[in-house]
Amino acid sequence: MTALILALVAGAVIGLALGGLGGGGSVLAVPALIYLLGFTTAEATTASLVIVTLTSVTALTGHARDGNVAWRTGLLFAAAGIVPAMAAGAAAGHLPQALLTIAFSVIAALAALRMLRPARTAPGSGARIDPGRAGAVGAGLGAVTGFLGVGGGFLAVPALVGVLRLPMRRAVGTSLLVITINSLAALGARAGTGTRLDWAVVAPFTAAAMLGAWDGKRLAKKVRGGTLQRVFAWVLLAVAVFMFADVLV
């Protein structure tokens with residue numbers, strides 16, 4: 001019963017993050033599954049991909065109906081990152097876990113600090129996106145996220161806002177498209193690895209996250225984009241500090 005309650009609460013929080021902020025799901029899901037529910041690292045990362053994929057699709061449909069998804073940019077962004085993510089993921093398997101965790105926390109903190117800086121321009125929802133630039137940034141993001149073993153939403157939103165100049169709400173919706181594609185690709189790569197999941201925990205966790213995503217999407221519609229950006233940045237910074245401190249302890 002305790003595990004079920006923890007799964008429901010954690011799932012709801014992660015759904016709110018994905019639906020309202022367009023990222024942070026895998027960053028929050030993996031620690032929750034390991035520290036709260038006793039999953040191994042392999043089980044947690046695989047379960048996180050299942051949870052984040054289904055939750056991202058749920059949140060994506062709502063944002064798409066509101067016109068907050070830059071489809072061309074998102075598809076270029078995700079497609080360009082698939083091969084680099086696979087190559088970087090293979091290289092990461094030969095490095096110490098502590099080193100990867102430190103790298104993860106540093107990059108998350110840098111992304112958070114970038115988003116806390118005032119934007120120099122305020123692009124409109126119709127701002128033109130350079131396909132070459134979108135592909136280059138997507139490839140770089142794919143390499144980083146593949147190296148660190150996460151879905152990438154917590155880095156996709158800062159990149160879409162800070163580099164490609166998308167408004168925050170449009171970046172949130174587009175990030176969900178990127179997360180969905182990246183997570184599906186990662187799940188396909190893990191097929192047949194023999195990792196077993198406790199579906200009695202994963203299923204309610206996923207259901208709560210999907211419901212939370214709808215609430216997060218409504219929250220994103222009501223709250224100003226700048227406020228969402230600051231909330232997302234502080235969440236990233238808190239996660240970065242926690243993970244760095246965990247390695248040191």
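1. V13 has a relative accessibility of 46% in this predicted model, and therefore counts as partly exposed. V13 belongs to helix α1, which covers residues 2-21.

2. The chain as a whole contains 10 helices and zero strands. Read from the N terminus, the order of elements is accordingly α-α-α-α-α-α-α-α-α-α.

3. Helix α4 (residues 71-92) packs against helix α6 (residues 131-148) at an angle of about 35°, and the two axes are 6 Å apart. The crossing of α4 past α6 is right-handed.

4. Which residues of α4 and α6 meet? On the α4 side they include R72, L76, F77, A80, G81, P84 and A88. Among their counterparts in α6 are P131, A134, G135, V137, G138, L141, G142 and F147.

5. Two totals describe the packing of the chain. Of its 249 residues, 48% count as buried. Among contacts with a separation of 6 or more, 86% are accounted for by residues 24 or more positions apart.

6. The final point concerns the surface. The chain exposes about 11500 Å², and 68% of this area is supplied by carbon and sulfur atoms.

Terms used. Residues numbered from 1 in each chain as written. Predicted model: local features only at pLDDT ≥ 70, side-chain atom pairs only at ≥ 80, totals over all residues. Heavy atoms only, no water. Helix = DSSP H or I, 4+ residues; strand = E, 2+ residues; numbered from the N terminus. Buried < 20%, exposed > 50% of the residue type's maximum accessible area, 1.4 Å probe, protein only. Axes fitted to C-alpha atoms, helices over the stretch in contact; angles between N-to-C directions. Left-handed = near helix turned anticlockwise from the far one by under 90°. Contact = heavy atoms within 4.5 Å. Areas by Shrake-Rupley, 256 points an atom, 1.4 Å probe, with all protein chains shown as cover.
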